[in-house]
Amino acid sequence: MKSLPFVALLMTMLSGCSLFQVHTNLDKENFTEYFKPGSVTVLEKSQILDVNATPIGTVEGETCQSKDTQAPPNIIDAQTDARRKVADMDGNAVVFGKCIRMPATTECVSSMVCYGQAYKVQDSE
């Protein structure tokens, strides 16, 4: 019986929380866009011959250093941009040909571009 007032108080407090609504900037579209490159596998030229793959187009990914204070461009970011574009094409694999550092432009102090071939690989079931 001594715990009855405590339980009543606890229930009142917990039910009071249901009046609050939480608003965040979390959006399903943000998560979908962020994880999109993860659905694209990077394959070597020799590996593409071993799978049932259909070429769906060429793709390029770019990373740009727009200010001297930013990190320099790198291959990983350029390839991630390309993988995102492959996913936008409904592809699920890419074979990269080469990545090159581009000369400075008015927009970029330095940039890197990676070129590749996008594929749609069928499941081997």
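Accessible areas, in what follows, come from the Shrake-Rupley method with a 1.4 Å probe, and for residues only the protein chains shown count as cover. On that basis, the accessible surface of this chain comes to about 9400 Å², and 58% of it belongs to carbon and sulfur atoms.

Please keep in mind that this is a predicted model, in which local features need pLDDT of at least 70 and side-chain atom pairs count only at pLDDT 80 or more, while totals for chains, interfaces and linings use all residues. Residues are numbered from 1 along each chain as its sequence is written, and side-chain values use heavy atoms, with hydrogens and water left out.

I begin with the secondary structure. Helices (H or I, at least four residues) and strands (E, at least two) are DSSP runs, numbered from the N terminus. The chain has four helices and four strands, in the order α-α-β-α-β-α-β-β from the N terminus.

How are the strands arranged in the sheet? The four strands form an open sheet with the order 1-3-4-2 and mixed pairing; two strands pair if DSSP finds at least two bridges between them. Strand 1 (41-42) and strand 2 (53-65) each have a single partner strand and stand at the edges, so one side of each is left without a neighbour in the sheet. Strand 2 and strand 4 run antiparallel and are joined by twelve bridges. One example is Pro-55, whose bridge partner in strand 4 is Tyr-119.

I turn now to the interior. Buried means under 20% relative accessible area, exposed over 50%, and partly exposed in between, with a 1.4 Å probe and protein chains only. Of the 125 residues, 25% count as buried. A nonpolar core is a set of buried Ala, Val, Leu, Ile, Met, Phe, Trp, Tyr and Cys residues joined through side-chain atoms within 4.5 Å. The largest such core has eleven residues, including Val-40, Phe-96 and Met-112. Helix 4 (75-88), strand 3 and strand 4 each give two or more residues to this core, and the largest share, four residues, comes from helix 4. A second, separate core of six residues includes Ile-48 and Tyr-119.

Finally, consider Val-109, in the loop between strand 3 (93-102) and strand 4 (110-121). Is Val-109 buried or partly exposed? Val-109 is partly exposed, with a relative accessible area of 36%. Leaving aside neighbours within four places in sequence, Val-109 is in contact (heavy atoms within 4.5 Å) with residues including Gln-65 and Ala-104.
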